[in-house]
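These are my notes on one model, kept in the order in which I looked things up.

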Amino acid sequence: MTLWHLLLLASIAVLAIKLLGYAVPPAVFDSPRPRRTLELLTVSLLAGLVAVQALGGDGGIVLDARIPAVLVAAGLFAVRAPFIVAVAAAAVTAALLRAFAGFP
Amino acid sequence: MQTDAVRRAWREGVSVVVATSAYGLSFGALSIASGLDLWQTMVLSLVMFSGGSQFAFIGVVAAGGGIAGVASAAMLGLRNALYGMSMRRVVQPRGAMLPVAAHVTIDESTAVALAQDEPRAQRTGFWVTGVGIWIGWNLATLAGALLGDLLGDPRQWGLDAAAAAAFVGLLWPRLKARQAVAVAAASAVLAAALLPVLPAGMPVIVAAVVGVVVGLTNWLGPRHESALPDPGPRGSGKGRRS
């Protein structure tokens with residue numbers, strides 16, 4: 001599959017799921033267990049993505065400037081900094097550490 | 001004639017639109033850095049239009065994950081179906097407006113709608129936030145993608161770290177309960193441990209089993225809980241229910 005195939009498949013899937021929400025009777029998911037499971041699935045996926053984006057590379061784990069950068073961002077999110085500010089701060093941290101501190 | 005409640009819904013909606021649209025910039029730049037071209041980046045923001053799914057797709061596909069990127073994006077999009085179930089009662093869209101309402105049903109539009117007290121204000125909050133973010137998010141994606149094209153090597157600018165930070169930002173508002181923190185920690189450790197073992201994209205999907213199992217068994221969870229959806233909005237944190 002080309003990148004375009006994957007991209008269109010994923011986009012249509014996400015859009016179809018939104019439409020599905022308006023089509024199914026609310027009673028289907030109107031109890032704590034499915035709601036809780038969907039919420040924790042989201043938490044699980046996002047946490048897995050944090051780990052993979054911060055540590056992944058070369059078919060395994062690579063420790064580099066991303067780690068201190070992510071810690072800076074987490075600190076900023078903890079004090080309720082806006083999303084764009086924390087994300088930009090992570091990029092600047094990693095860029096500076098690589099340029100001036102010899103980080104990989 | 002606008003009531004105070006409707007005016008408040010407008011104000012809250014607009015402030016969430018501004019905060020959320022701004023980070024469309026980071027999506028646009030990161031998408032280009034991940035190897036997508038301008039049109040591919042724009043199709044994601046125009047059609048997929050769900051921040052978490054979009055970041056997941058570009059992250060996993062850039063790592064060579066292929067179909068696992070599609071699965072990650074789709075699973076992160078599942079919560080939008082939950083929002084749709086409650087927004088159908090709130091918004092009551094008819095005919096051609098139904099697919100439009102479904103398309104703009106995301107974390108933020110749901111959160112702003114649910115934060116309002118009366119039905120008209122809820123509908124106003126939903127539409128202002130949903131349509132506003134769709135427009136702002138796409139304009140910001142375009143600007144970010146054009147900027148990303150000029151940058152060259154993404155690592156030199158720390159954009160790989162920005163991608164990881166973006167997921168931290170999407171996760172943060174959801175870590176209110178002990179159960180969620182435990183699930184996040186276990187999923188992150190499991191995904192990292194699986195990195196050298198599984199092909200690209202698969203560690204995230206396998207680690208997601210943690211969330212499903214804890215969700216079904218309610219391990220570490222509170223005995224009593226409400227059935228209300230808690231969309232945990234990103235951005236300014238406006239309209240959040242406790």
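I began with H4(B) and checked its length: at 1.5 Å a residue its twelve residues should span 16 Å, and the end C-alpha atoms are 17 Å apart, which agrees. The expected span here is 1.5 Å times one less than the number of residues in the helix. Helices (H or I, at least four residues) and strands (E, at least two) are DSSP runs, numbered from the N terminus.

Before going on I noted the ground rules. This is a predicted model, in which local features need pLDDT of at least 70, side-chain atom pairs count only at pLDDT 80 or more, and totals for chains, interfaces and linings use all residues. Residues are numbered from 1 along each chain as its sequence is written, while chains are lettered from A and ligands numbered from 1 in the order in which they are written.

How many of the residues of H4(B) are buried? I found twelve of its twelve residues buried, and the helix is mostly covered. A residue is buried if 20 or more other C-beta atoms lie within 10 Å of its own, exposed if 12 or fewer, and partly exposed in between, with C-beta atoms placed from the backbone. The buried residues of H4(B) include Gly51(B), Phe55(B), Phe57(B), Ile58(B) and Val61(B). After H4(B) comes Gly64(B), with a positive phi near 90°.

I ran the length check again on H9(B), residues 159–171: its 13 residues should span 18 Å at 1.5 Å a residue, and its end C-alpha atoms are 19 Å apart, so the two agree. In H9(B), 13 of the 13 residues are buried, so this helix is largely enclosed by the rest of the structure.

**Phi angles**

Most residues other than glycine have a negative phi. I therefore wrote down the exceptions that I came across. Phe49(B) is not a glycine, yet its phi is positive, about 40°. Phe49(B) sits in the loop between H3 (38–48) and H4 (51–62) of chain B. Is Phe49(B) buried or exposed? Phe49(B) has 25 C-beta neighbours inside 10 Å, so it counts as buried.

Asp58(A) is not a glycine either, and its phi is positive at about 55°. I located Asp58(A) in the loop between S1 (56–57) and S2 of chain A. Asp58(A) counts as exposed because it has 8 C-beta neighbours inside 10 Å.

I looked up Glu12(B), which is in helix H1 (residues 4–22) of chain B. Glu12(B) counts as buried because it has 23 C-beta neighbours inside 10 Å. Glu12(B) and Ala115(B) are 103 residues apart in sequence, but their C-alpha atoms are 9.3 Å apart in space.

**Domains of chain B**

The domain assignment gives chain B a domain 1 (4–154) and a domain 2 (175–223); such bounds come from an automatic or database domain assignment. The C-alpha centres of these two domains of chain B lie 24 Å apart. I found ten residues of domain 1 of chain B in contact with six residues of domain 2 of chain B. Two residues are in contact if their C-beta atoms, placed from the backbone, lie within 7 Å. On the domain 1 side, helix H5 (residues 67–91) of chain B gives the most, with five residues.

**Chain A and its interface**

Chain A has four helices and two strands, and along the sequence they follow the pattern α-α-β-β-α-α. The C-alpha trace of chain A spans about 60 × 40 × 25 Å along its principal axes.

I then turned to the interface, where 68 residues of chain A are in contact with 89 residues of chain B. Which element gives the most to the side of chain A that touches chain B? H2(A) does, with 22 residues. That side of chain A divides into 48 nonpolar, twelve polar and eight charged residues. In this count Ala, Val, Leu, Ile, Met, Phe, Trp, Tyr, Cys and Pro are nonpolar, Asp, Glu, Lys and Arg are charged, and the others, Gly among them, are polar.

**Confidence**

The predictor gives the complex an ipTM of 0.94 and a pTM of 0.87. Chain B averages a pLDDT of 90, and 92% of its residues score at least 70; pLDDT is the predictor's confidence in each residue, from 0 to 100. Over residues 233–242 of chain B the pLDDT is below 50. Where pLDDT is low, the predicted coordinates should not be read in detail.
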